[in-house]
Amino acid sequence: LLSGHRLRRRAVRGPSPAWGGRRLVVTMVCPRLAAPGARLALLPCEGRPLRSRRRRPLTPAVAKLVDPVAGAALQEKIYADVLDAKRRQIARQGRCESCWHLSRDCLCSQLQPTQLSGPERDVQILLYVHFKEYFNAGNTGKLLPLAMPSNARVFVHGDTEHEAKLREELLLASPARTLLLFPSPESRPLGGAVQLRTTSSHQHDLAPLRVLVLDGTWQHARGLRRMLARRVLRGDPLPTEVCLAPEVSRPAFWKGASSIARSQAHGDRICTAEAVALLLHELGEDDQTCQHIIKMVERNSEVLFHRRSRGARANLRAT
């Protein structure tokens with residue numbers, strides 16, 4: 001055996017007729033660490049075999065390499081199991097199905113809906129929510145249907161029924177009036193990507209504007225963009241990608257990211273509801289409507305902060 005190199009021992013279970021019925025403990029060496037021209041000898045020896053490590057479950061990505069059909073079925077089963085467990089948990093804990101908070105912290109009675117009054121008052125915000133963000137009280141995208149019941153809807157990633165409805169919505173929409181809010185290198189400013197309505201009457205014959213918003217963490221959003229093309233659009237091209245206006249052109253009511261529900265890796269990143277509020281301002285909505293949405297984010301963050309404080313005080317009393 002090679003000396004001075006990192007070795008790995010692997011047990012061979014069961015008697016081997018080639019070695020006289022003895023149990024074997026085979027010592028292996030990583031080929032990358034072996035010296036050039038060195039020869040590796042595998043020698044039998046008496047001894048107790050090493051305890052084998054517990055095998056990890058097969059991931060969908062690896063399963064798709066072996067069998068694409070079985071890998072896709074495994075991925076669908078994981079989605080269904082996670083979403084079913086979340087629905088059982090929210091029923092067991094008595095959470096509100098609208099704001100996703102506990103019943104004692106429900107925000108529905110404190111959050112008043114508003115009506116859009118700008119030129120794009122019939123805009124439809126289609127939220128594609130990552131399945132891990134579903135029923136997460138710190139999520140802010142769930143506030144948009146409460147703030148704009150007739151202008152915002154939630155579609156859960158991984159839920160086949162939700163994704164089928166989202167696909168129907170996108171197929172019926174006008175491609176020229178369908179946008180994807182995502183800050184990618186291909187995204188363009190809102191004004192240069194689509195024809196927007198103004199106060200003039202001859203532009204009211206345009207189809208309603210539909211904006212697809214990816215709701216999740218920044219890492220989730222990148223995955224949702226791929227899943228949108230694979231699971232929802234199924235090969236059809238993505239909608240025109242748009243981004244928000246630069247920081248220097250933000251409205252007067254904007255005081256910076258107000259969400260404390262989740263810390264951001266970069267200070268210039270904002271949550272989903274805040275991004276939609278800034279988008280509506282670029283579409284011509286007044287400051288009061290946009291600020292109303294941001295105040296809902298602040299109220300959601302306050303409830304989370306107080307709930308965590310109660311949990312910390314309870315832990316102190318328990319100790």
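I started with the overall make-up: eight helices and eight strands in the chain. This is a predicted model, so I'm reading everything below as coming from a prediction. Of the 319 residues, 41% count as buried. I also looked up contacts: among those with a separation of 6 or more, 71% are between residues 24 or more positions apart.

**Entry: S7**

I went to strand S7, residues 210–215, and asked how many of its residues are buried. I got six of six, so I've put S7 down as mostly covered, with under 20% relative accessible area as the cut-off for buried. Arg210, Leu212 and Leu214 sit on one side and are buried. Val211, Val213 and Asp215 sit on the other, and they are buried as well. That leaves both faces of S7 covered.

**Entry: who pairs with S7**

Which strands did I find paired with S7? One is S3, residues 124–129, which runs parallel to S7 over six bridges. Another is S5, residues 178–181, also parallel to S7, with four bridges. Gln124 stands opposite Arg210 of S7, and Leu127 has Val213 in S7 as its bridge partner.

**Entry: S3**

Is S3 enclosed or open? I have it as largely enclosed by the rest of the structure, because six of its six residues are buried. Gln124, Leu126 and Tyr128 point one way, Ile125, Leu127 and Val129 point the other way, and all are buried. I then checked S3 against S4, residues 152–156: the two pair in the parallel sense over five bridges. Leu127 has a partner there as well, Val154 in S4, alongside Val213 in S7.

I looked at Arg197, which lies in the loop between helix H5 (190–193) and S7. Is Arg197 buried or exposed? Arg197 comes out buried, because its relative accessible area is 8%. I also took a C-alpha distance from Arg197 to Leu209: 9.6 Å, for two residues that are twelve apart along the chain.

**Entry: second largest pocket**

I moved on to the second largest pocket, which holds about 490 Å³ of space. Its lining has 19 residues, and the closest to the pocket centre are Gln75, Tyr79, Phe131, His157 and Met227. Helix H2 (68–93) and helix H6 (218–232) are the elements that give two or more residues to this lining. Which element gives the most? It's H6, with eight residues. By residue type I have the lining down as seven nonpolar, six polar and six charged.

**Entry: cysteines**

Last, I looked for disulfides, and the count is zero. Cys271 counts as buried because its relative accessibility is 11%. Cys290 is buried too, with a relative accessible area of 0%.

Key. Residues are numbered from 1 along each chain as its sequence is written. This is a predicted model: local features need pLDDT of at least 70, side-chain atom pairs count only at pLDDT 80 or more; totals for chains, interfaces and linings use all residues. Side-chain values use heavy atoms; hydrogens and water are left out. Buried means under 20% relative accessible area, exposed over 50%, partly exposed in between (1.4 Å probe, protein chains only). Two strands pair if DSSP finds at least two bridges between them. A disulfide is a pair of cysteine sulfur atoms within 2.5 Å. On a 1 Å grid over the protein atoms alone, a cavity is a set of points where a 1.4 Å probe fits but cannot get out, and a pocket is an open set with protein on both sides within 12 Å along at least five of seven lines; lining residues have an atom within 4 Å of a point. Grid points are joined across faces, edges and corners, and a volume is the space filled by probe spheres set on the points. Ala, Val, Leu, Ile, Met, Phe, Trp, Tyr, Cys and Pro count as nonpolar, Asp, Glu, Lys and Arg as charged, and the others, Gly among them, as polar. Contact means heavy atoms within 4.5 Å.
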